[in-house]
2 protein chains.
Amino acid sequence: MKNLVVIGYGGMGGWHVQHALKSDVVKLLGIYDIDPKKAELAESRGIHAYASFEEVLADTAVDMVTVAIPNDQHKPVVIRALEAGKNVLCEKPVTLSSEDLQDMIDAANKAGKIFSVHQNRRWDVDTLAMKKLYETGEIGEIFNIESRVHGSRGIPSDWRGMKQYGGGMIYDWGIHLIDQILQIVPSKIDTVFCRLDHITNDEVDDGFKLELMFENGCRAYIELGTYNFIPLPRFYMQGMKGTALITDWRENCKVVKCKAWHESDVMPVETAAGLTKTMAPRDSITVDEYECERPVSDVHDYYRNFVKAIDGIEPQLVTHEQMMLDMKVMEAAFKSAELGQVIKF
Amino acid sequence: MKNLVVIGYGGMGGWHVQHALKSDVVKLLGIYDIDPKKAELAESRGIHAYASFEEVLADTAVDMVTVAIPNDQHKPVVIRALEAGKNVLCEKPVTLSSEDLQDMIDAANKAGKIFSVHQNRRWDVDTLAMKKLYETGEIGEIFNIESRVHGSRGIPSDWRGMKQYGGGMIYDWGIHLIDQILQIVPSKIDTVFCRLDHITNDEVDDGFKLELMFENGCRAYIELGTYNFIPLPRFYMQGMKGTALITDWRENCKVVKCKAWHESDVMPVETAAGLTKTMAPRDSITVDEYECERPVSDVHDYYRNFVKAIDGIEPQLVTHEQMMLDMKVMEAAFKSAELGQVIKF
């Protein structure tokens with residue numbers, strides 16, 4: 001068991017506290033929040049609130065801190081914690097630029113402490129289902145993956161809507177969706193193309209469309225929308241032997257595999273304003289349709305690994321290299337959107 | 001009634017013949033096909049087969065010809081027919097380059113005859129439903145339209161798979177889907193970005209992904225796939241007041257409109273690996289959901305207009321200007337795909 005303090009007692013801070021209270025690998029020593037009201041709230045719930053960040057750092061009982069504060073504040077807090085000899089688990093996005101991240105990684109290396117980012121959505125069952133299909137080759141070699149998350153509430157009206165705090169949907173959701181794709185496709189990125197939405201917010205992106213072309217020929221398309229009153233499917237994947245679809249994270253992955261390419265007679269189909277043979281639906285005898293088994297997943301394995309990494313038993317799952325790659329893809333996405341161009345990665 | 005000869009008795013030629021036999025505005029005098037077997041087939045069905053193209057042109061009873069032959073042959077046949085004083089209805093794509101099209105338009109203007117292209121899919125009910133939503137503003141100002149046609153039979157193994165005959169899906173389906181979008185969005189195109197598929201055919205594109213950004217801020221995305229064993233929805237449209245979806249051409253347009261933006265309490269939703277407030281589904285009390293009335297459509301209005309245009313009663317519906325714009329978008333799409341870049345239109 002490692003002794004944990006959670007820095008920031010907002011939405012995700014609260015999640016980390018709840019998790020820690022039930023954890024089999026960490027013991028919650030308390031929280032620290034810059035806002036006295038949050039500290040009061042924690043105390044009212046029987047959770048110790050440290051009086052200052054310095055007090056957390058000075059507490060030699062603290063093995064690790066989880067940083068769950070606005071994105072623009074991650075860097076100084078993480079570096080100070082590392083310099084104080086704490087292991088640091090940071091919420092995503094780890095920071096706002098690759099230069100800043102390099103400084104944080106340097107601080108971790110210098111301190112000899114574990115520093116990793118909470119890429120919890122690697123444990124999303126939809127992502128795991130897609131990753132399995134990619135790896136097993138069940139629907140053949142994959143040439144296209146589309147990942148969409150569609151909401152209709154606009155961008156949150158808190159700091160996530162403000163540029164100075166690292167708001168915007170690339171930072172908030174893009175970091176997850178990019179990281180997921182990079183977990184699925186084991187290839188280098190060739191080009192990046194991104195369009196940002198500004199539907200309800202001019203200051204930061206309230207959605208985006210991001211295309212990654214990989215060197216192995218696979219295309220990944222990532223779309224985040226906050227103004228989609230009808231959501232499109234969560235995941236869509238095309239392979240040389242079939243297609244896979246996940247409607248939303250509650251649903252299983254549906255697969256349609258081609259088992260007989262040629263049919264003796266394709267009858268043209270009459271649509272509203274013309275014939276089509278190319279687009280005529282397949283006979284069911286030429287395909288196999290089924291649902292994949294739902295992957296087993298426990299997001300708390302993230303903390304288990306983190307603690308084992310502190311003890312030197314396992315390498316950390318979310319590595320510095322991966323954190324840097326995620327960051328560089330986000331930077332490339334912003335640059336592409338600014339230029340309105342495809343850019344070489 | 002105008003006297004018609006159909007040039008080319010293949011798939012679409014057969015469609016034109018069938019249509020003409022029931023038409024209230026044209027009378028079928030016969031067909032001409034370069035292939036004697038097709039001529040025999042026509043005769044066996046009681047349809048007169050002209051012995052040569054010259055014979056068709058020399059027949060002073062012929063008011064108009066419909067050209068339904070491989071794309072690379074359109075230009076010489078159309079120009080010769082115009083020069084012989086026939087009105088010409090040409091299958092899509094009208095030809096393979098804007099230079100060739102200009103020559104054809106010049107020939108039509110010189111001859112003072114009607115020359116138009118069979119953009120029959122303007123009468124597709126799905127397209128008409130989207131056009132109506134765009135025009136009425138029922139879901140507010142439109143900022144995104146996605147048009148997809150997904151089949152799983154690969155590209156046809158006839159001339160449509162060969163470059164020299166003007167094969168490929170941009171020419172075969174792109175011309176329809178581009179023309180439909182240009183009918184819906186009344187704005188100039190700013191940029192074009194296109195990716196071509198080569199999944200089952202290296203010679204021509206067997207699918208494509210095409211983004212058009214309009215000067216009015218609207219984005220249109222057109223996707224044609226021939227290797228999609230699960231189809232994505234036919235049309236998806238986002239406006240400032242809601243979202244519209246058409247699953248496939250047999251289904252009605254479904255609309256979800258926002259009627260109350262703010263809700264008192266948004267409860268975070270627990271997904272597989274984390275919370276989300278941004279992506280929490282809406283309460284049904286904050287939205288109106290309904291199906292739109294199915295548009296009434298009769299593709300034969302194309303021929304009715306053509307005949308009225310010959311008589312000078314109506315302007316032709318598919319204008320030279322529109323034909324040229326469709327062609328230039330296709331050229332821009334090919335260029336963008338070749339460069340792997342967004343191009344200014």
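Reader: Let's start with helix 1 of chain A: which residues in it are buried?

Author: This is a predicted model, so take what follows as computed from it. The cut-off for buried is under 20% relative accessible area. In helix 1 of chain A, the residues that count as buried are A:Gly13, A:Gly14, A:Trp15, A:His16, A:Val17, A:His19 and A:Ala20.

Reader: And how far apart are the end C-alpha atoms of that helix?

Author: Helix 1 of chain A runs over residues 11–22, which makes 12 residues. At 1.5 Å a residue the helix should span 16 Å, and the model agrees with that, because the end C-alpha atoms are 17 Å apart.

Reader: Now A:His176 in chain A: is it buried or exposed?

Author: A:His176 sits in helix 7 of chain A, residues 169–184. Setting aside neighbours within four places in sequence, A:His176 touches A:Lys92, A:His118, A:Gln119, A:Asn120 and A:Arg121. The relative accessible area of A:His176 is 5%, and the cut-off is under 20%, so the residue is buried.

Reader: Over in chain B, which residues does B:Asp72 contact beyond its neighbours within four places in sequence?

Author: B:Asp72 lies in the loop between strand 3 (64–67) and helix 4 (74–83) of chain B. The C-alpha atoms of B:Asp72 and B:Gly167 are 8.8 Å apart, although 95 residues separate the two along the chain. Leaving out those sequence neighbours, the contacts of B:Asp72 are B:Leu96, B:Gln164, B:Tyr165 and B:Gly166.

Reader: Which side chain makes a polar contact with the side chain of B:Asp72?

Author: B:Asp72 has a relative accessible area of 22%, so it counts as partly exposed. At 3.1 Å, its side chain makes a polar contact with the side chain of B:Gln73.

Reader: What about A:Glu135 and A:Lys131: how much helix separates them?

Author: Their side chains meet in a salt bridge at 2.9 Å, N to O. A:Glu135 is exposed, with a relative accessible area of 55%, whereas A:Lys131 is partly exposed at 22%. The two residues are four apart in helix 6 (residues 125–136) of chain A, so the separation is about one helical turn.

Reader: Are B:Asp197 and B:Lys209 buried or exposed?

Author: B:Asp197 forms a salt bridge with B:Lys209, and the closest N and O atoms are 3.9 Å apart. The pair links distant parts of the chain: B:Asp197 is in the loop between strand 7 (189–196) and strand 8 (207–214) of chain B, and B:Lys209, 12 residues away, is in strand 8. With relative accessible areas of 14% for B:Asp197 and 8% for B:Lys209, B:Asp197 is buried and B:Lys209 is buried.

Reader: Let's move to the interface: which residues of chain B lose the most area to chain A?

Author: In this pairing, 74 residues of chain B are in contact with 75 residues of chain A. The area buried between the chains is about 6,000 Å², with carbon and sulfur atoms giving 59% of it. On the chain B side, together making up 14% of what that side buries, the residues that lose the most are B:Arg153, B:Phe229 and B:Ile230.

Reader: How many salt bridges are there between chain B and chain A, and which residue pairs with B:Arg195?

Author: The count between the two chains is two salt bridges. B:Arg195 forms a salt bridge across to chain A, with the closest N and O atoms 2.7 Å apart, and the partner is A:Glu211.

Reader: And which strand gives the most to the side of chain B that touches chain A?

Author: Across this interface there are 20 residue pairs in polar contact, both at pLDDT 80 or more. With six residues, the element of chain B that gives the most to that side is strand 6 (residues 142–150).

Notes:
Residues are numbered from 1 along each chain as its sequence is written. Chains are lettered from A and ligands numbered from 1 in the order in which they are written. This is a predicted model: local features need pLDDT of at least 70, side-chain atom pairs count only at pLDDT 80 or more; totals for chains, interfaces and linings use all residues. Side-chain values use heavy atoms; hydrogens and water are left out. Contact means heavy atoms within 4.5 Å. Buried area is the accessible area (1.4 Å probe) that two parts lose on being put together, summed over both. A salt bridge is a side-chain nitrogen of Lys or Arg within 4 Å of a carboxyl oxygen of Asp or Glu. A polar contact is a pair of N or O atoms within 3.5 Å; within protein, one must be able to donate a hydrogen and the other to accept it, and residues adjacent in sequence count only if both atoms are side-chain atoms. The expected span of a helix is 1.5 Å times one less than its number of residues. Buried means under 20% relative accessible area, exposed over 50%, partly exposed in between (1.4 Å probe, protein chains only).
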